[in-house]
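Biologist: I'd like to learn how to read salt bridges in a model. Could you walk me through some?

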Amino acid sequence: MVRLRLKRFGRTHKPFYRLNAIDQRSPRDGKPIEELGYFDPTEMDEAKGISLKADRIRYWIGVGAQPSQTVRDLLAKQGILDKKTGKAIAGE
């Protein structure tokens, strides 16, 4: 099964994450199928701290990819995913 999950980069105490579509059997930092954006939790300006390809995320969810719990919360906060149902919200 394909999962949408975060891949960690950065150094100690300065994390940086990329959102990927990746096979669930792959290791956390393994080779992704597709990169879908990034998330920088240490960035003060939230607009600069996150960049997502919403149309590609909706595509992967539409074909059955399951987001991890952290990614689900992140997508719900960005308005891409409905937190209660777990379904993609239609966008532009």
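Biologist: Which residue forms a salt bridge with Arg18?

Modeller: First, the general idea: a salt bridge is a side-chain nitrogen of Lys or Arg within 4 Å of a carboxyl oxygen of Asp or Glu. Here Arg18 pairs with Glu35, and their closest N and O atoms are 3.5 Å apart. The partners come from distant parts of the chain, with Arg18 in strand β2 (residues 14-23) and Glu35 in strand β3 (residues 34-39), 17 residues apart. Helices (H or I, at least four residues) and strands (E, at least two) are DSSP runs, numbered from the N terminus.

Modeller: A word on the source: this is a predicted model, where local features need pLDDT of at least 70 and side-chain atom pairs count only at pLDDT 80 or more, while totals for chains, interfaces and linings use all residues. Residues are numbered from 1 along each chain as its sequence is written, and side-chain values use heavy atoms, leaving out hydrogens and water.

Biologist: How many salt bridges does the rule give?

Modeller: The count is four. Among them, Arg56 bonds with Glu34, with the closest N and O atoms 3.0 Å apart. Arg56 lies in helix α2 (residues 54-62) and Glu34 in strand β3, so this pair ties together parts 22 residues apart in sequence. Another joins Asp29 and Arg28, at 3.0 Å from N to O.

Biologist: Is Arg28 buried, exposed or partly exposed?

Modeller: Buried means under 20% relative accessible area, exposed over 50%, and partly exposed in between (1.4 Å probe, protein chains only). Arg28 is partly exposed because its relative accessibility is 49%. Asp29, at 39%, is partly exposed too.
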